[in-house]
Amino acid sequence: MEEFRQTYLRLCKDAGLEPQESVLTQLQDVRRTAGSARLDLAGHSLSVDTCAVLGKVLHKDTLFTEVVLSDCMLSEEGAKLLLNGLCSNTTVKVLDLKGNNLRGSGAETLGKLLVRNKTLRRLILEWNALGVWDEAFAIFCEGLGSNGCLTQLDLRNNQISHQGAAELSLALKRNSILQELDLRWNNIGLLGGRSMLEALQQNRTVVQLQMAGNNIPSDTLKALEQSMGHNSDRQSTLRESRSRTQVLTKEIQNLKNEKGRQFLTLMDTIDKQRDEMERVGRTSSVRAGQLHEALSERKSAVNSITAKLQMTEAALALSEQKVHNLGELLTRMKGDKAEQQDRHSREMMKLQEDSVLRDGKLLREVHTVTEKNLQLKSKVEEMERRCKAQQDQIFELKQELANTTAELKLRLAQAEERLEMEKTRSKHALVDLDTLRHKEVDHMNRHLEESERSLQDRILKLEGQRIQLEEELSRAKAACVTERAQAEEELGKVRAQVRLEEQQRLSGLEEKLRALRQSRDESQAHCAQQKQAVAELQAKNSQQGLEMEGLRRRIDELQQELSGKEQEKVAEVSRVRVELQEQIGHLQAERTAQGGLKEKIAALEREMKVLGSNHREAILDKESEISSLFEKLRLREAEIQRMREDEAQRASFLQNAILTYVGGSPLGHYSPKK
């Protein structure tokens, strides 16, 4: 408690106020609820000093996200201090000022709060008097128009007139964040309702507007509900388009990642094969050096063996045995070669299976793309159903027009019956009728300019008025028929255009898919050719390694045999020398061939890098084309939505014109005397 007292004294000192014990008693309740995110002072009478301290507390960021100050009997000065403290707050999201009788200065301070505060989401101002002063309420509406965070506003029972509604409509035209607005039990009236209807025709975010208890005609309320329904449909459509765009971007990113992984794996395999070939080349060079050393040793051994040529028979027998051993070695080499061929065939089958799996994956991707096309077709069908619903609405309007025509004829008959009664009225009644006629003429000038002359001569030329009304009714029917024909023609054009564009887009997508498949097949075939060439090079390298190993074994065996030979014929020695020279020539030729193969491998690697870069550029081009197609689709959907809104607005204007014509008719102001 002492710590809280010290904090209060410090705040009073900073604010330049005298500390009071009563203020400390009121703020104890604030301290009890400070552990939660809600500051509830509903029903407490807050003085100006208390409001100043609270404004100082809320001037900085606190733990509170909701401040409830309903029925606190705030004065104008106290409300101003408290709201000024909330201007720089960034934690409070809900503010309840219900039942505080806020007026001119309070409305101005609230307008400044809406301009400066960036975190407030919900504002409750029920049971106040913000609409009493038009200038102050205009400042409040300017703040609402420039606000970019408030989504819910409660203005019930605030004595808002039609002028205040006009200011609110201007604010709603500028505001694009507010979603819920409560204006029940005010004095908005017919003009204010029309102002709000005009604002909702431009505002696209308000989805809930409550206007009960404002003396607004039912047709205006219905038009407001229809506008809010359009806004809610638009918001749901935007959410669906955003979700679909996110799904498509994710799928495109997954495809991009998959292609990147495949390319990286291909490059890794190529690098591994290149390292393996370099290692085989190094081992072959080492073995060639060993063979040269063995040949030099063999030359010295042959020079030592020349003195032992007398044992020819034993050497011949041993040579025949060696021939037999060499035949067995040849058979073993043939078996090893067959095993290697089998292994190579199994590897090729495995590579073919991998390519089949990749083809299946690409086919599944094509299937997903076709499913997306079907979804787009279903969306077009849904748009056609909505167009049919609008046509049904036009048909209902036509029926209502026929009903109003019958009602006008009935009123015309009643007017003819009342004509004799009107002639017997006195001069005073005639003056009243003249004033009433002038008022009616002023009212009808705003809606139907063509009925001005008929209203001036209504009493003297009632029969002419009937003829003129019938002519106006026929013109209205003709206008309705022409507008309906134009609407049907526009709908037909839009449907044909949408279908044509959809077919063109589908054909373009199919052509792109075919091109992608063709490029994929070409890249796969090229990769298969490169893999086959690499496999052939590996087989040649392995075969050369086996031959060199066989030669090494053969030299070792010859060394063992020559160590036991002491008397070998000169012819056998010369034959062996010739064979060794031929083998050396073959090895040198194979070494040169291996160098040529290495150059070919390097050229193939460069070509694969070029193909990889071209493939990446092609992928980027395809992705840009897909994004452009998505953008075109979004623009087409926006255009269709705009045409639907224009059609609904045109139908609502026609309905309002008919209703205002029926309600403002001079015959509708008279009733037969009982």
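Accessible areas here come from the Shrake-Rupley method with a 1.4 Å probe, and for residues only the protein chains shown count as cover. This is a predicted model, so local features need pLDDT of at least 70 and side-chain atom pairs count only at pLDDT 80 or more, while totals for chains, interfaces and linings use all residues. Residues are numbered from 1 along each chain as its sequence is written, and side-chain values use heavy atoms, with hydrogens and water left out.

**Figure 1. The whole protein, before we zoom in.** The protein exposes about 40100 Å², and carbon and sulfur atoms supply 54% of that area. Of its 674 residues, 35% count as buried. Buried means under 20% relative accessible area, exposed means over 50%, and partly exposed is anything in between (1.4 Å probe, protein chains only). You'll find 15 helices and 7 strands; helices (H or I, at least four residues) and strands (E, at least two) are DSSP runs, numbered from the N terminus. Now for contacts, meaning heavy atoms within 4.5 Å. Among the contacts with a separation of 6 or more, 86% are between residues 24 or more positions apart.

**Figure 2. Helix α4 and its buried face.** Helix α4 covers residues 76–86, and its buried residues are G78, A79, L82, L83, G85 and L86. Look down the axis of α4 and these buried residues fall within an arc of 155 degrees, so they line one face of the helix. The arc is that of the directions from the helix axis to the C-beta atoms. What do the buried residues of α4 pack against? Their partners are α3 (48–59), β3 (94–96) and α5.

Figure 3. Helix α6 runs over residues 134–146, and its 13 residues should span 18 Å at 1.5 Å a residue; the end C-alpha atoms are 18 Å apart, which agrees. The expected span is 1.5 Å times one less than the number of residues in the helix. In α6, the buried residues are A136, F137, A138, F140, C141, G143, L144 and G145. They pack against α5 (104–116), β5 (152–154) and α7 (162–174). One of them, C141, has a relative accessible area of 2%.

Figure 4. A disulfide is a covalent bond between the sulfur atoms of two cysteines. Here it is counted as a pair of cysteine sulfur atoms within 2.5 Å, and the structure holds 0 of them. C72 itself is buried, at 0% relative accessibility.

Figure 5. L155 sits in the loop between β5 and α7, and N186 in the loop between β6 (180–182) and α8 (189–200). Although they are 31 residues apart along the chain, their C-alpha atoms are separated by 8.6 Å. Buried or exposed? L155 is buried, with a relative accessible area of 0%, and N186 counts as buried too, at 2%. Leaving out residues up to four places away in sequence, L155 touches L125, L130, F140, I160, L168, L181, D182, L183, R184 and N186. With its neighbours within four places in sequence set aside, N186 is in contact with L155, R156, N157, N158, Q159, I160, G213 and N214. The side chain of N186 also reaches the backbone oxygen of L183 at 3.1 Å.

Figure 6. Most residues other than glycine have a negative phi. Q159, in the loop between β5 and α7, has a positive phi of about 55 degrees although it is not a glycine. W185, in the loop between β6 and α8, has a phi near 60 degrees, again a positive value in a residue other than glycine. Q159 is partly exposed, with a relative accessible area of 44%, whereas W185 is exposed at 54%.

Figure 7. Q559 belongs to helix α14, residues 462–564. Q559 is partly exposed, with a relative accessible area of 28%. Which residues does Q559 touch, not counting those up to four places away in sequence? They are A294, E297 and R298. Q559 and A294 are 265 residues apart in sequence and 9.3 Å apart in space, C-alpha to C-alpha.

Methods. Polar contact = N/O pair within 3.5 Å; in protein donor to acceptor, adjacent residues only side chain to side chain.
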